[in-house]
Amino acid sequence: MFTVLLICGGLVGFYLLMWVTVLQQPKCKSTAKLYGRTVIVTGANTGIGKATALDLAKRGARVILACRDERRAQAAVTDIQRESGNKEVLYMHLDLASLKSVRSFAENFLKKESRLDILINNAGLLVGGKTEDGFGRIFGVNHLGHFLLTILLLERLKECGPSRVVTVSSISHSGGEIDFDCINTHQDLGLGNSTLALLKLYGHSKLCNVLFTHELAKRLKGTNVTCYSLHPGAIKTDICRHIVLWILLLFFADVESGAQTSLYCALQEGIEPLSGRYFSKCAVQNVSAKARDDAVAKKLWEVSERLVGLA
């Protein structure tokens, strides 16, 4: 019995040490108010996206929840309006697995809304299969859908500058690779449907996010729009609902913590010179050479343009 208690105590101690040294996320300290500003958050019906949208709504922003599931999104709108006291929170349908839906969302938004000050590309998934357009689902949703959405909304962002594009990536980008032969042959970042294969595909897609932001910053030079990618931390979100990683959830932080670096990149004053960089724990971070490779970032942009029909 004593041995069991000793082991349990050791595990609790280890967990607390991990929480203090690794898992705990610093808070975004910006006091910015957003009255009169409009923000889009993709995947905002749950998890980090919902926590991000709630914080922005509390600051007075008009917040668009860009989501696929109408029932869950409308429930999130109700929750956020109640908790924030802000009625300027609404749902607009967006399915990132459909380029037609992305175009429809952009057209609808540009017709109905006069401003766009912050675009937060938050949605992400970790499931196999294909998109409506035949791309690998992880590749299509995590990268291509957000790529097209951002491009279609760029002029409005420029008109309303200073404005920002924030793309939620992951530390898993460090294990990612971009295989252009696989993209051209299979319209995907890799092959396989095992849990390990899906985790690898996820890492590849998150590298796409970092490289996209790197290239976007170059193309936005001379404008009033800046962009940032980020790692939110190890967070308990619905993204793990399709894979067996439940034991690891003990070591994941809550969604409010996960939203802090997104909020930092969206709101923090003075980070404009860091456009194109990657952030974690509310601070800029250095990335490996492959995550800031100019040639690969440019090629990925050009290939993405062709795949989404912009080239």
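Colleague: Which residues is V308 in contact with, leaving aside its neighbours within four places in sequence?

Modeller: L99, R103, L144, F147 and L148. Contact means heavy atoms within 4.5 Å. This is a predicted model, where local features need pLDDT of at least 70, side-chain atom pairs count only at pLDDT 80 or more, and totals for chains, interfaces and linings use all residues. Residues are numbered from 1 along each chain as its sequence is written, and side-chain values use heavy atoms, without hydrogens or water.

Colleague: Why is V308 called buried?

Modeller: Its relative accessibility is 4%. Buried means under 20% relative accessible area, exposed over 50%, partly exposed in between (1.4 Å probe, protein chains only). So V308 counts as buried. V308 lies in the segment after α10 (294–307). Helices are DSSP runs of H or I with at least four residues, strands are E runs with at least two, and both are numbered from the N terminus.

Colleague: How far apart are the C-alpha atoms of V308 and L144?

Modeller: They are separated by 7.1 Å, although the two residues are 164 apart along the chain. Across the protein chain, take the contacts with a separation of 6 or more: 76% of them join residues 24 or more positions apart.

Colleague: How much of the protein chain is buried?

Modeller: Buried residues make up 53% of its 311 residues.

Colleague: What makes a set of residues a nonpolar core?

Modeller: They are buried Ala, Val, Leu, Ile, Met, Phe, Trp, Tyr and Cys residues joined through side-chain atoms within 4.5 Å. The largest such core has 56 residues. Those touching the most other members are I40, F105, F109, L153, I178, I183 and L216. Elements giving two or more residues to this core include α4 (99–112) and α5 (137–159). I40 is in contact with F105, F109 and L153, among others. A second, separate core of 36 residues includes V63, V168, L230 and C265.

Colleague: What makes an open space a pocket, and which residues line the second largest pocket nearest its centre?

Modeller: On a 1 Å grid over the protein atoms alone, a pocket is an open set of points fitting a 1.4 Å probe, with protein on both sides within 12 Å along at least five of seven lines; lining residues have an atom within 4 Å of a point. The second largest pocket has 34 of them, with S163, R164, T226, E272 and S275 nearest its centre. α7 gives the most, with 4 residues.
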